[in-house]
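Biologist: Could we go through this model together? I would like to begin with the helix packing.

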Amino acid sequence: MKIPAITFILLSASPVFAQSVDQIINPTAVQKTERILSADNMRGRASFTPDIERAADYIESRFKAAGLKTWNGSKSYRQPFSLIRATLLSAEGSVDGNALSKDHIVAFTSSPDLSVNDNSGYAKYEIKAGSDMRIEARRYMREKKNTVVFVDTSFSSTFPLLSRYTRQQ
């Protein structure tokens, strides 16, 4: 079916309406909010400090004043979450009956206890001499399964770099 040219002209000639950005965003109000949140008395708003709570209180009051609804009918605009930071308390292991030094064991886990043996169902990988250890380690850390990675002794001097990754977990 062909649409007559006159129809196209009429449709394209109809006016287009849009809101002015100045009606949506008030530059003065934005500057006021920026000044309040960046003020010295907020002291950088570091996480887990009273300063971050003061900033959150202010933001919450602005949300309420704007008439925003809370998430899922909550009484608050805040969405709490838990932060877990694992700390290695002890580590011991052996490969083929040879004890491993604690400095040569790195674990990425949120389990309180970790035990790995031939029957525990872990995928086994090896970072071989000459490989880029950082790239290989990152690839195995993204695995969505239980994994054991053996690192060639040629990386002994750089092995402590893997321990840094545990701080990011």
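Biologist: Which residues of α3 and α4 make the contact?

Modeller: On α3 they are T33, I36 and L37, and on α4 they are A55, Y58, I59 and R62. Contact means heavy atoms within 4.5 Å. By class, the contact comprises 5 nonpolar residues, 1 polar and 1 charged. Ala, Val, Leu, Ile, Met, Phe, Trp, Tyr, Cys and Pro count as nonpolar, Asp, Glu, Lys and Arg as charged, and the others, Gly among them, as polar.

Biologist: And at what angle do α3 and α4 pack?

Modeller: The angle between α3 (residues 27–37) and α4 (residues 50–66) is about 160°, and their axes are 10 Å apart. The axes are lines fitted to C-alpha atoms over the stretch in contact, and angles run from 0 to 180 degrees between N-to-C directions. α3 and α4 are therefore roughly antiparallel to each other, a term applied to angles over 145 degrees.

Biologist: Before we continue, what kind of model is this, and how are residues numbered?

Modeller: It is a predicted model, in which local features need pLDDT of at least 70 and side-chain atom pairs count only at pLDDT 80 or more, while totals for chains, interfaces and linings use all residues. Residues are numbered from 1 along each chain as its sequence is written, and side-chain values use heavy atoms, with hydrogens and water left out.

Biologist: Back to α4, then. Is D51 buried or exposed?

Modeller: D51, which is found in α4, is buried, with a relative accessible area of 6%. Buried means under 20% relative accessible area, exposed means over 50%, and partly exposed lies in between, with a 1.4 Å probe and protein chains only. Leaving aside neighbours within four places in sequence, D51 is in contact with N41, M42, R43 and R45.

Biologist: How much of the whole chain counts as buried?

Modeller: Of its 169 residues, 11% count as buried. The chain has 6 helices and 4 strands, in the order α-α-α-α-β-β-β-α-β-α from the N terminus.

Biologist: Changing topic: which residues have a positive phi although they are not glycine?

Modeller: N72 is one of them, with a phi of about 55°, and D96 likewise has a phi of about 55°. Most residues other than glycine have a negative phi. N72 is in the loop between α4 and β1 (93–95) and is exposed at 71% relative accessibility. D96 lies in the loop between β1 and β2 (98–100) and is exposed at 77%.

Biologist: What does S76 contact, leaving aside its neighbours within four places in sequence?

Modeller: S76 is in contact with E60 and T70. This serine lies in the loop between α4 and β1 and counts as partly exposed, at 23% relative accessibility.

Biologist: Finally, where is V106?

Modeller: V106 is in the loop between β2 and β3 (123–127), and is partly exposed with a relative accessible area of 23%. V106 and L162 are 56 residues apart along the chain, yet their C-alpha atoms are separated by 7.0 Å.

Conventions:
Helices (H or I, at least four residues) and strands (E, at least two) are DSSP runs, numbered from the N terminus. Angles under 35 degrees count as roughly parallel, over 145 as roughly antiparallel, 65 to 115 as roughly perpendicular and the rest as oblique.
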